[in-house]
Amino acid sequence: MNHNLKIVQSEILKILKIFDEKCKENNLKYYIFYGTLLGAVRHKGFIPWDDDIDITMPREDYEKFISLYRDEFFHGYYLDGYNCSRYESYSPVFRINSKNVLLRRDKGNKEHWIGAFISIFPMDGLPIDVKERNKHIRKLMIIYALLRASRSSLFGLGNVKNRSIKEKIVIILNKIIKIGKFIPPARLAEKYNRLASQYNIENSEFVYICYDGQSSIFPRSLFDDTVDIEFEHNKYHAPAGYDELLTLYYGDYMTPPPLSEQSPAHSTDIKIMPQPLV
C-alpha cells in the first residue's frame, strides 16, 4: 500500500473513533455506509485504496450532532458544513476534517487542499406515492447540479473531455455565467437540506441517503436494527440489513473492481502538516 495513503487511513480512523465516542455519549444513531460498510464486510477494514470514511445518520441525529459540535469538535479536527463555523467542502453534507493531514484535490485549473475527512450523510424519509417520490428526487438532483456548478466556478472549471454532452454543456455555460457569483454554494446546500428533510423517516417506506439519485433509495426496514461490525480491529454500528443494502447499491459487492479502478477517489497528493492548521 502507498505509505501516504496509509497515513490518511490512520488519520481518518482516529476521527471515526472520536465520532463513535461522541455519538455514544449523546445517544445518537449512526451507521457506517457506502465504501466503509463495503470495506468492513469484504476486508474487515478499509478498502485498500480508499481515502475517506462514509457514515449516515437519521436526519434528527444528524442535526443534533451538528448543533453540538458545529463550533468545536475535538483538538486537531473540525466540522465542515454549510451551517458550521467552517465551510470548505461546498457539499450539501457535513464532514469532519483533519488539520494534520491534507489531501490535494485538483479541481479544473486550480489546486485545492482539504483536510483528510470522514463524510456524514443525512438519511431522510420519502413520499409514499411513487410519482411524488420521483418528483421529490428530481428536485433534489436539480439543486445538487446547481451546487456542483456553483462550486466549480469557485474551485476551477472541469475538463470537458470524457464527459457526457449534458455535462459538457453545463461546463461551457458555467465558464460564461459563473453561477457561484450569483448563487453561493452555502445557499444551495441549505436549500437542498431543507427540501430533503421534509419527510419523516418513521412515516416512510423508503429512505433517501443524500445526493446519489435513485441508487441511494433503500427500504427503511433495512435500517430498523443495528449490528456491530468489525472495521480495523474495532466494532462500529452498521445496518442489520447490510447484505441487501450492499447488493442493491453495488451488485456483486464481494468481487473487487478491476485494477484500473483501484485508486483513491478524493486525492491526488497528500501533505502532512508539521503543526495543525488553525
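Start with Cys210. Cys210 is buried, at a relative accessible area of 3%. Here buried means under 20% relative accessible area, exposed means over 50%, and partly exposed lies in between, using a 1.4 Å probe and protein chains only.

This is a predicted model, where local features need pLDDT of at least 70, side-chain atom pairs count only at pLDDT 80 or more, and totals for chains, interfaces and linings use all residues. Residues are numbered from 1 along each chain as its sequence is written, and side-chain values use heavy atoms, with hydrogens and water left out.

**Next, Cys84.** Select Cys84. Its relative accessibility is 13%, which counts as buried. How many disulfides are there? The count is 0 disulfides, where a disulfide is a pair of cysteine sulfur atoms within 2.5 Å.

**Now helix H3.** Select residues 59-69, which make up helix H3. Helices are DSSP runs of H or I with at least four residues, strands are runs of E with at least two, and both are numbered from the N terminus. Which residues of H3 are buried? They are Arg59, Asp61, Tyr62, Phe65, Ile66 and Tyr69. These residues cover an arc of only 165° around the axis, so they sit on the same side of H3. The arc is taken from the directions from the helix axis to the C-beta atoms. An α-helix has 3.6 residues a turn, so residues three or four places apart point the same way.

A salt bridge here is a side-chain nitrogen of Lys or Arg within 4 Å of a carboxyl oxygen of Asp or Glu. Arg59, Glu63 and Asp124 are linked in a network of salt bridges.

**Move to helix H6.** Select residues 185-196 for H6. Arg194 forms a salt bridge with Glu190, with the closest N and O atoms 2.5 Å apart. The two are 4 residues apart in H6, so about one helical turn separates them. Arg194 is partly exposed at 45% relative accessible area. Glu190 is partly exposed too, at 30%.

**Last stop: Asp224 and Arg220.** This pair forms a salt bridge, with the closest N and O atoms 3.7 Å apart. Asp224 is partly exposed, at 43%. Arg220 is partly exposed, at 25%. Across the whole structure, the search finds 7 salt bridges.
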